[in-house]
Amino acid sequence: LQIAEATLRLGNVEEALAMYRELVARFQHSQSHISNRQIGPNVWEISRADVEDCSYRHRHLLVQALVNAALAFVIIQRHGDAIEVLKSAIAIDPKCHQAAFNLTVLLLNQSRSRRKDEQKYESSPSVERAAAVTYWMKYRDIELDKATDYYDGELKQRKDRMIRLSQSSMHKKLYQSSPSLPQTLTLDCAILKIWIKMRDNKAIEHGLATLRNGNARRA
């Protein structure tokens, strides 16, 4: 994994990708011997069930290989492949910050490109935009089926936190010790704003109503 990372840093993207693919393939083969399961045609496609018998260390290394491979795919403009690889990383470790963050940003970027091409408005959410919101809110433990006031409050809370962080004399130290905190809060705000607007869409509201009715029946 370290050799592949060094290769990627040197700019040898295709070579690094081949290394990451070999790492993932080796893992797939080792697991197939343990569980007697068949390996699919797509070596990057891995589910949580595929790694249930693995140690935390092996899962962590596999997720890191997938995250790095996704970065390599982005460098060579294969964004669709990067998204699919990150979905596998999230399936293995739903709390991987790097995977969740990068996947959300990639999906949002795809959504913006599609809206620009098709001249769609934000009130007509694309599949990518809806997926970005769902992945990030699930990762951040923000419930989807709440009143608008709840999301307004969550948004205000994060904006206030960003202001306090920027005003703090410890800001640089905090940024170095936890470099993803400002970006995380910024993405929180962007996703919450999108979700507040998306809730006005009739299809989204219908889906939420179905969700509420299903929860009520189970209760």
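**A pair of helices in context**

Analyst: Read along the sequence, the protein follows the pattern α-α-α-α-α-α-α-α-α-α, and its secondary structure comes to 10 helices and 0 strands. Here helices (H or I, at least four residues) and strands (E, at least two) are DSSP runs, numbered from the N terminus. The model is predicted, so that local features need pLDDT of at least 70 and side-chain atom pairs count only at pLDDT 80 or more, while totals for chains, interfaces and linings use all residues. Residues are numbered from 1 along each chain as its sequence is written, and side-chain values use heavy atoms, with hydrogens and water left out.

Of the 219 residues in the protein, 37% are buried; buried means under 20% relative accessible area, exposed over 50%, and partly exposed in between (1.4 Å probe, protein chains only). The protein exposes about 13300 Å², of which carbon and sulfur atoms supply 52%. Such areas come from the Shrake-Rupley method with a 1.4 Å probe, and for residues only the protein chains shown count as cover. Among contacts with a separation of 6 or more, 59% join residues 24 or more positions apart, where contact means heavy atoms within 4.5 Å.

The part in question is formed by helix α3 (residues 56-75) and helix α4 (residues 79-92), whose axes come within 8 Å and cross at roughly 165°. Axes are lines fitted to C-alpha atoms, for helices over the stretch in contact, and angles run from 0 to 180 degrees between N-to-C directions. The crossing angle makes α3 roughly antiparallel to α4, because angles over 145 degrees count as roughly antiparallel, those under 35 as roughly parallel, 65 to 115 as roughly perpendicular and the rest as oblique. The crossing of α3 past α4 is left-handed, a term used if the near helix is turned anticlockwise from the far one by less than a right angle, with right-handed used if clockwise.

On the side of α3, the contact is made by R59, L62, V63, L66, V67, A69, A70, F73 and V74; on the side of α4, by H79, D81, A82, V85, L86, S88, A89 and I92. These residues divide into 13 nonpolar, 2 polar and 2 charged. In this scheme Ala, Val, Leu, Ile, Met, Phe, Trp, Tyr, Cys and Pro count as nonpolar, Asp, Glu, Lys and Arg as charged, and the others, Gly among them, as polar.

Between α3 and α4 runs a loop that holds Q77. Q77 is exposed, with a relative accessible area of 59%. Its phi is near 65°, a positive value in a residue other than glycine. Most residues other than glycine have a negative phi.

A69 and A16 are 53 residues apart in sequence and 7.8 Å apart in space, C-alpha to C-alpha. A16 is found in helix α2 (residues 13-35) and counts as buried at 0% relative accessibility. Leaving aside neighbours within four places in sequence, A16 is in contact with A4, T7 and L8. Of these, T7 has its place in helix α1 (residues 2-9) and is likewise buried, with a relative accessible area of 8%.
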